Amino acid sequence: MLGLMQDRPLLISSLVEFAALNHGDGEIVSRTVEGPIHRYTYKDCAVRSRQLAKALEKLGVEKSDRLGTLAWNGYRHMEVYYSVSGMGAICHTINPRLFPEQIIYIINHAEDRYIFIDLTFLPLIEKLIDHLPQVEGFIIMTDEANMPETKLSNVYCYENLMATADDDYQWPAFDERTASSLCYTSGTTGNPKGVLFSNRSTILHSYVVCTMDGLGLSTMETILPVVPMFHVNAWGIPYAAAMSGAKIVLPGARMDGEALYELMENEGVTLSAGVPTIWMMLLGYMKENNKKFSTMKRTVIGGSAVPKAMIETFHREYNVNVVHAWGMTEMSPIGTVCNLKKKHESFSLDQKMELSLKQGRSVFGVDMKIVDGAGKELPWDGKAFGNLLVRGPWIASGYFKAEGGSVVDDDDWFDTGDVATIDPDGYMQITDRSKDVIKSGGEWISSIDVENEAVGCAGVAEAAVIAVPHPKWDERPLLLVVREQDTDVTKDEIIDHLRGSIAKWQLPDDVLFVDELPHTATGKILKIKLRAEYKDYILPTVTS
Ligand code: ADP
């Protein structure tokens, strides 16, 4: 027997309309690319989203069409999110940090009909234009006064386009499984692959972002997503903010420490979200200028493992609680969040910070398991580590246009490519990407563990551990270090520091100092490049 509850579809358009009605004066504050701070309300956002949808309809945009965006976090980008997905089309956020060839590839692969562009990215698209024959037009996200000269043809001014329509637009009702947005994973090998989110998956994911054991987003919070809207929809925050009525502060193109700090203080930001490298810059700025936060209480950090030193600095110096989270583009992205349990209340600050090193417990909706090389499930004892598999209603079942073939097994399990432990309380800890672990004499060394400890050594700004071939052990770890400015930390000092916290056989065989480390478009260290560069490096432990 089926229940007798209404089968109303879960649609993205309902988020902005809900916010307009229930949090009509809730604020959306943006640092614009043009310069000034812009502020308006969810009500304004809903009106303009409807207006834009109507204008796009006049332009000939139809359901399932892909519309690209090359844009920072800002109010116009929010409007595009709502109007494009709300009308049943697909908002394809393009990561401008990808290599030009990759950008060309994904625009063509997605078959974007129109592309919304922030002023900053006009030169980028002008360079690529000859390779984008099927794009019908470019919509520059500014007003007439700021419209630049451009060699692009078929250019529209966002505000002028908007002015061609009124806001009397009825959001269509359609199947909640209709695709809503598209985001390509940077992929360290092969071409980027498109993850195609649906209205349903986006709404379910938003609920989780708002739960206390998720990111705890509510109308009481002012959230500043530093994570870009071109990276897994800013971890779903633009949707969840509307669902909860939280004030949202969008940093635009300025992601430097000074600009972020200023916004956080001026707007009373209580909660933020981003990858560790961003926080490194912010903390650096605050230390140099002797600044303190007056309203910031929590910061969600994910995308890469949070170094212990960062957790400690946030807690001890700034009284900010670090919430470690893990996920991936294929997971919309939230999989686990490291919130404490009741029984941890009595923990000392040190114990709590130790627990925060783990990536956290899965949120309801995400099933998780670890398996060995033969696919056998491993125990949740906090020690056994294996390949991490997930499944759930906001986890990909395949890539756009079936690239890469089948990505789940018969029971829907998706292999994350991460290696992890899970403890009896359900806290998962990533020990490595499966391709980054160092396989030394049959034992696995976690590059993340060694990197985390290395970054805690005074004078070390950034660290990467990679496997280098070794005739006896198969592979041994090599540590690459970027020194903090004006410091001369030595190999011996770093090894001494590591000796206290990691087993002797896990110590790097050598430490090399480099000026910088290569990063992926999403801010992760590009290990594949480092491995290629150092593949012939002779470690000092190799005896001829
Ligand atoms: P990309 O486009 O670089 O693949 P994703 O955000 O999809 O970007 O990357 C997902 C991967 O990032 C995860 O599989 C995991 O390896 C890594 N990751 C994400 N969050 C964390 C975290 N908190 N700790 C360690 N690794 C993380």
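1. Start with helix 12 (308–318): M310, I311, F314, H315 and Y318 are its buried residues, where buried means under 20% relative accessible area with a 1.4 Å probe and protein chains only, exposed means over 50%, and partly exposed is in between. Seen down the helix axis, these residues fall within an arc of 125°, so they line one face of helix 12; the arc is taken from the directions from the axis to the C-beta atoms. An α-helix has 3.6 residues a turn, so residues three or four places apart point the same way.

2. A word on the model: it is predicted, with local features needing pLDDT of at least 70 and side-chain atom pairs counting only at pLDDT 80 or more, while totals for chains, interfaces and linings use all residues. Residues are numbered from 1 along each chain as its sequence is written, and side-chain values use heavy atoms, leaving out hydrogens and water.

3. What covers that buried face? Helix 11, strand 13 (298–301), strand 14 (321–327) and helix 13 (349–356) are included in the cover, contact being heavy atoms within 4.5 Å. Helices (H or I, at least four residues) and strands (E, at least two) are DSSP runs, numbered from the N terminus.

4. Of its 26 lining residues, M280, G284, K287, V460 and E484 are the closest to the centre. On a 1 Å grid over the protein atoms alone, a pocket is an open set of points with protein on both sides within 12 Å along at least five of seven lines, a cavity is a set where a 1.4 Å probe fits but cannot get out, and lining residues have an atom within 4 Å of a point.

5. Where does the second largest pocket sit? Domain 2 (255–433) and domain 3 (435–533) both give residues to its lining, so it lies between them. By class, that lining has 13 nonpolar, 5 polar and 8 charged residues.

6. Now the cavities: there are 2 of 30 Å³ or more. The largest has a volume of about 120 Å³, and of the 15 residues lining it, V33, G74, Y75, R76 and D118 are the closest to its centre. Helix 3 supplies the largest share of this lining, 3 residues.

7. The second largest cavity holds about 50 Å³ of space. Helix 7 (residues 199–210) gives the most to its lining, with 3 residues.

Definitions and conventions. Nonpolar A, V, L, I, M, F, W, Y, C, P; charged D, E, K, R; others polar. Domains from an automatic or database assignment. Points joined across faces, edges and corners; volume = space filled by probe spheres on them.
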